[in-house]
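Student: I would like to learn how to read charged pairs, cavities and surface patches in a protein model. Could we go through them slowly, one at a time?

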Amino acid sequence: DIGVRHRSRRIALDVMLFVLQYDDRIASTDTGQTTPDGRDIVQSVNGAESSIRGLEAGIEWSVSDRAGLLAVLNYTWGEQRILNADAEAADRIPPLHGRVALQYDATRQYRIQSWLNFAARQDRLSARDLRDVRIDPGGTAGWATVGAGVDKKLAAGWQLSLSFDNLLDKRYRRHGSGMDAPGRSVSIRVRHTWQ
């Protein structure tokens, strides 16, 4: 890992680069056989090499005493080789994804927020990903969702939050999850911070 961190009165910036290298990793390999109901039979072997590289970056910018911007971006790239076979994409590597959020302190007690969460398309798949029923063989489509909310400070460290997520009711799936994410939703949270 190597990173850069900057802090000033208005800006907090973090950028991290990382490299992971695995040798003799335990991996599932296809035996070429299937169960009576059509599922692949695999075996575990100590014969995989994986290289994973990535970037994590985030910035918090106080635009004014009341308004702020938060942005986070994550990118991961992976490659693997199993039992000296040709190199291929590593398993379940997420696509480029991130979040951009704006917040505004309307008063000392109320904070209004709006955000955009997003992920790019991921069609760089390993052979195992291609066989996984939770992942479309064509890859996982990119997506973006929009949300908004309000926080109210209560007495003695308590906070009440009301959030509206996926306002446009976008149908999407996080890569490798096997389930579509929730549609339009409302949540109420109560949080307490001990001093």
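**Reading charged pairs, a cavity and a patch**

Tutor: Let us start with one residue in this predicted model: D14 has a relative accessible area of 23%, so D14 counts as partly exposed.

Student: What partner does D14 form a salt bridge with, and how far apart are the closest N and O atoms?

Tutor: The general idea is that side chains of opposite charge can pair when their charged atoms come close. Here D14 pairs with R7, and their closest N and O atoms are 3.1 Å apart. R7 is partly exposed as well, because its relative accessibility is 46%.

Student: How many salt bridges does a search of the whole structure find?

Tutor: The search finds 10 salt bridges. One of them joins R111 to D105, with 2.7 Å between the closest N and O atoms. R111, at 30% relative accessibility, is partly exposed, and D105, at 22%, is partly exposed too.

Student: Is D132 buried or partly exposed?

Tutor: The cut-off needed here is that buried means under 20% relative accessible area. D132 has 10%, and therefore it is buried. The side chain of D132 meets that of R134 in a salt bridge of 2.9 Å, taken from N to O, while R134, at 37%, is partly exposed.

Student: Now for the inside of the protein: how many cavities of 30 Å³ or more are counted, and which residues line the largest cavity?

Tutor: The count comes to one cavity of 30 Å³ or more, and the largest cavity holds about 40 Å³ of space. Its lining is made by R25, A27, S28, Q80, I82, D91 and R128. Sorted by class, that lining has three charged, two polar and two nonpolar residues.

Student: Which strand gives the largest share of that lining?

Tutor: The largest share, three residues, comes from β2. Both β2 (11–34) and β4 (67–82) supply at least two residues each to the lining.

Student: Finally, which residues make the nonpolar surface patch?

Tutor: L154, W158, L160, I188 and V190 make a nonpolar surface patch of about 480 Å².

Student: Where is L154 found?

Tutor: L154 is in the loop between β8 (143–153) and β9, and because its relative accessibility is 38%, it counts as partly exposed.

Note on methods:
Residues are numbered from 1 along each chain as its sequence is written. This is a predicted model: local features need pLDDT of at least 70, side-chain atom pairs count only at pLDDT 80 or more; totals for chains, interfaces and linings use all residues. Side-chain values use heavy atoms; hydrogens and water are left out. On a 1 Å grid over the protein atoms alone, a cavity is a set of points where a 1.4 Å probe fits but cannot get out, and a pocket is an open set with protein on both sides within 12 Å along at least five of seven lines; lining residues have an atom within 4 Å of a point. Grid points are joined across faces, edges and corners, and a volume is the space filled by probe spheres set on the points. Helices (H or I, at least four residues) and strands (E, at least two) are DSSP runs, numbered from the N terminus. Ala, Val, Leu, Ile, Met, Phe, Trp, Tyr, Cys and Pro count as nonpolar, Asp, Glu, Lys and Arg as charged, and the others, Gly among them, as polar. Patches are made of residues with over 30% relative accessible area and no salt bridge: like charges are joined within 9 Å, nonpolar side chains (Val, Leu, Ile, Met, Phe, Trp, Tyr) within 5 Å. Accessible areas come from the Shrake-Rupley method with a 1.4 Å probe; for residues, only the protein chains shown count as cover. A salt bridge is a side-chain nitrogen of Lys or Arg within 4 Å of a carboxyl oxygen of Asp or Glu. Buried means under 20% relative accessible area, exposed over 50%, partly exposed in between (1.4 Å probe, protein chains only).
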